[in-house]
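The sequence and model are shown first, followed by the terms and findings.

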Amino acid sequence: MNFSQVSPRGFKAVYGVENYVQSVLDQTLLHLIKVRASMLNGCAYCLNMHTTDALKEDETSQRLFGLAAWRESSFYDERERAALALTDAVTILERTGVPDEAWDGVVEHFGEEGAANVLLAIGTINLWTRLNVATRRQPDLAG
C-alpha cells in the first residue's frame with residue numbers, strides 16, 4: 001500500500017509534524033535519531049532512506065554503523081547520547097515508561113522546549129516506521 005495515495009490527508013498531517021521537526025532540530029542529530037529508531041523498529045525503507053540522506057549530508061559511515069552499539073561507542077557527544085537514550089526509551093517503551101535519567105538528560109542538554117522537539121522527532125520517526133513496516137514498504141534497490 002502506498003499510504004500517501006490511500007490517505008493523502010493523513011500523510012499530509014504527519015508530514016506537517018516532520019517539516020516542523022526538520023525546521024527546529026540540527027540535521028545531524030535528526031539523522032541519528034531517525035536511523036536509530038529505524039534500526040530498533042526494523043524498518044528497511046526508513047533505514048535505507050535516512051542513512052542515504054545522512055551520508056549525503058556528510059555524516060560518516062562509522063557513526064551510522066556505530067548506532068547499533070552507540071552506548072559502547074565514543075563516536076557521539078553527550079548531547080547526541082542524551083537524544084539517543086531517549087530515542088531508545090521512547091521507541092522500545094517499556095511498561096514502566098521512559099526512565100527519568102533518559103528524560104532528564106535530554107532536558108539538561110536541550111532545555112524543555114528542545115526536549116519537546118526531540119520527543120516530537122522520535123515520535124514522528126516511530127510513526128513513519130510503523131506505517132512503512134505495516135504496509136510492507138520496501139526500499140528501491142541501489143543501482
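## Basis of the description

Helices (H or I, at least four residues) and strands (E, at least two) are DSSP runs, numbered from the N terminus. The model is predicted, so local features need pLDDT of at least 70 and side-chain atom pairs count only at pLDDT 80 or more, while totals for chains, interfaces and linings use all residues. Residues are numbered from 1 along each chain as its sequence is written, and side-chain values use heavy atoms, with hydrogens and water left out.

## Two loop residues

Glu57 lies in the loop between H4 and H5. Glu57 is partly exposed, with a relative accessible area of 44%; buried means under 20%, exposed over 50%, and partly exposed in between (1.4 Å probe, protein chains only). Leaving aside residues up to four places away in sequence, Glu57 touches Gln27 and His31, where contact means heavy atoms within 4.5 Å. The side chains of Glu57 and His31 also form a polar contact at 3.2 Å. A polar contact is a pair of N or O atoms within 3.5 Å; within protein, one must be able to donate a hydrogen and the other to accept it, and residues adjacent in sequence count only if both atoms are side-chain atoms.

Ser73 is found in the loop between H5 and H6. Ser73 is buried, with a relative accessible area of 13%, and its side chain reaches the backbone nitrogen of Phe75 at 3.1 Å.

## Helix H6

Helix H6 covers residues 78-92. Its 15 residues reach 21 Å from first C-alpha to last, close to the 21 Å expected at 1.5 Å a residue; the expected span is 1.5 Å times one less than the number of residues. At the N-terminal end, Asp77 caps H6, with a side-chain oxygen 3.1 Å from the backbone nitrogen of Arg79. Just after H6, Leu93 takes a positive phi of about 40 degrees.

H6 is mostly covered, with 12 of its 15 residues buried. Among them are Glu80, Arg81, Leu84 and Asp88. The buried residues of H6 pack against H3, H5 and H7.

## The largest pocket

A pocket is an open set of points on a 1 Å grid over the protein atoms alone, where a 1.4 Å probe fits, with protein on both sides within 12 Å along at least five of seven lines; lining residues have an atom within 4 Å of a point. The largest pocket is lined by 22 residues, with Tyr15, Glu18, Met49, His50 and Trp128 nearest its centre. H4 gives the largest share of the lining, five residues.
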